Amino acid sequence: RCSAQVLWVIAVFGTLWGLGAVTFGLGVDALGIALGFAVILGVATVGGTLIPMLVLPSAQASGTLVLLTIAALLVMLAGVAVCSLAGRWKEKEAAGRSYGRGVAVCVASGVLSACGNLGFNYGAEVTQRAQELGVPSHLAANALWTLLTLPLFAWNAGYAGILLKRNRTGKNYRLPGAAVSVALAALMGAMWMAGMALYGAGARMLGPLGPSLGWAILMSAMVIVANLIGLGTGEWKPAPASARRQLMGGLGLLLAAIAMLGILNGSKA
C-alpha cells in the first residue's frame with residue numbers, strides 16, 4: 001500500500017494541475033494556439049524542471065549540472081520571449097480582448113500546469129509500488145497518471161458543464177456533424193494521454209534526472225509542434241512578415257534548448 005500522505009500530495013498536485021488546464025484553455029483562447037502554448041508551456045517548463053532537480057534527493061544533481069540546466073532553460077525562455085514578441089501583432093486583432101490580460105492568464109496557467117510534473121515526481125511511490133507488483137517498468141507510471149488525472153478530469157468536466165449550462169449550448173451536440181466533432185475531441189484526449197504515458201516511460205529511461213530534463217524536452221517539443229500547427233492552420237497568415245521571422249527565430253532557440261538538455265542528460269556534469 002502507498003502512504004496516505006503520498007496520496008494526498010497527488011490529490012493536491014492533481015487539483016492544481018486541473019486549475020492549470022482550465023486556465024490553459026482560457027489563455028489559448030485569448031492569445032491563440034501558437035502564442036498561448038509558448039507562454040504557458042515555457043513557464044510550466046521552468047517550474048516542472050528546476051523544482052524536482054533542486055528538491056528531490058533522488059535527482060542527485062551537481063551544482064554544475066543545475067547551472068548548465070538553468071542556462072538551457074534560459075535559452076528556452078528566450079525562445080518563448082521571441083515567440084511572444086512575434087505575437088504582439090495580435091493585440092490589434094484581439095477585438096476587445098486584452099493582450100496583457102491574456103498573457104497574465106497564460107503565465108498563471110503555466111505555474112499551475114507545472115504541478116503535473118511535480119505530482120509525477122512526488123508521487124513516485126505509486127510508480128514504484130506498481131513495479132513491485134509486477135507491472136513492467138515502462139508501464140508502471142500509468143498507475144500514477146491514473147490518480148493524477150482524476151482531479152484534472154473533474155476540473156475540466158466541471159468547467160465545461162458550467163459553460164454548457166450558462167451558454168445553453170448543450171443542444172449543439174444534436175446538430176448534424178456534432179458526432180464528428182465529439183469523436184475528434186475524444187481522439188485529441190486519447191492522443192494527449194498517450195503522450196503523457198510515453199513521457200512517463202521515457203523519463204524513467206533517462207535515469208534519475210529524467211523527470212526534470214525529460215519534462216523540459218517534452219514541453220519544448222510541445223511548444224514547437226503547437227506553433228507549427230498554428231502556422232499550418234493559417235493562424236499566423238495575417239501576421240506581418242517580421243512577426244513570422246521572429247517566430248521562426250523563437251522556434252530555433254527552442255530546438256537549441258532541446259539539444260542542450262539532451263546533451264546534459266548524457267553528460268557527467
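Which helices each supply at least two residues of the lining of the largest pocket? In this predicted model, they are helix H1 (4-31), helix H2 (33-55), helix H8 (137-167), helix H9 (178-205) and helix H10 (210-232).

**The largest pocket**

- The space in the largest pocket amounts to about 1,400 Å³.
- The lining of this pocket is formed by 31 residues, and the closest to the pocket centre are Phe24, Phe37, Met188, Trp192 and Met222.
- H10 makes the greatest contribution to the lining, with 8 residues.
- By class, the lining comprises 26 nonpolar and 5 polar residues, and no charged residues.

**Helices H5 and H6**

- Helix H5 (residues 99-113) and helix H6 (residues 115-122) have axes that come within 5 Å and cross at roughly 10 degrees.
- Angles under 35 degrees count as roughly parallel, and H5 is therefore roughly parallel to H6.
- H5 brings Val111, Leu112 and Ser113 to this contact, while H6 brings Cys115, Gly116 and Asn117.
- The contact of H5 with H6 contains 3 nonpolar and 3 polar residues, with no charged residues.
- H6 is mostly covered, as 7 of its 8 residues are buried.
- The buried residues of H6 are Cys115, Gly116, Asn117, Leu118, Gly119, Phe120 and Asn121.

**Serine 113**

- Serine 113 belongs to helix H5 and is one of the residues in the contact with H6.
- Serine 113 counts as buried because its relative accessible area is 8%.
- Beyond the residues up to four places away in sequence, serine 113 touches Trp17, Gly20, Phe24, Ile40, Ala44 and Trp215.
- Phe24, one of these partners of serine 113, is also among the residues closest to the centre of the largest pocket.

**Leucine 144 and alanine 140 in helix H8**

- Leucine 144 and alanine 140 both lie in helix H8.
- Leucine 144 has a relative accessible area of 0% and is therefore buried.
- With residues up to four places away in sequence left out, leucine 144 touches Ile10, Gly119, Phe120, Gly123, Ala124, Val126 and Thr127.
- Gly119 and Phe120, which are among these partners of leucine 144, are buried residues of H6.
- Leucine 144 and glutamine 128 are 16 residues apart along the chain, and their C-alpha atoms are separated by 9.5 Å.
- Alanine 140 is likewise buried, because its relative accessible area is 0%.
- An α-helix has 3.6 residues a turn, so residues three or four places apart point the same way.

**Glutamate 125 in helix H7**

- Glutamate 125 is located in helix H7 (residues 124-132).
- Its relative accessibility is 32%, so glutamate 125 counts as partly exposed.
- Apart from neighbours within four places in sequence, glutamate 125 is in contact with Arg1, Cys2, Ser3 and Val6.
- Glutamate 125 and leucine 7 are 118 residues apart in sequence, with 9.4 Å between their C-alpha atoms.

**Alanine 72 in helix H3**

- Helix H3 (residues 63-86) contains alanine 72.
- Alanine 72 is buried because its relative accessible area is 0%.
- When residues up to four places away in sequence are not counted, alanine 72 touches Ala257, Met260, Leu261 and Leu264.
- Alanine 72 and isoleucine 258 are separated by 186 residues in sequence and by 8.0 Å from C-alpha to C-alpha.

- A relative accessible area of 67% is the reason why arginine 168 counts as exposed.
- Most residues other than glycine have a negative phi.
- Arginine 168, although not a glycine, has a positive phi of about 55 degrees.

How values were computed
Residues are numbered from 1 along each chain as its sequence is written. This is a predicted model: local features need pLDDT of at least 70, side-chain atom pairs count only at pLDDT 80 or more; totals for chains, interfaces and linings use all residues. Side-chain values use heavy atoms; hydrogens and water are left out. Axes are lines fitted to C-alpha atoms, for helices over the stretch in contact, and angles run from 0 to 180 degrees between N-to-C directions. Helices (H or I, at least four residues) and strands (E, at least two) are DSSP runs, numbered from the N terminus. Angles under 35 degrees count as roughly parallel, over 145 as roughly antiparallel, 65 to 115 as roughly perpendicular and the rest as oblique. Contact means heavy atoms within 4.5 Å. Ala, Val, Leu, Ile, Met, Phe, Trp, Tyr, Cys and Pro count as nonpolar, Asp, Glu, Lys and Arg as charged, and the others, Gly among them, as polar. Buried means under 20% relative accessible area, exposed over 50%, partly exposed in between (1.4 Å probe, protein chains only). On a 1 Å grid over the protein atoms alone, a cavity is a set of points where a 1.4 Å probe fits but cannot get out, and a pocket is an open set with protein on both sides within 12 Å along at least five of seven lines; lining residues have an atom within 4 Å of a point. Grid points are joined across faces, edges and corners, and a volume is the space filled by probe spheres set on the points.
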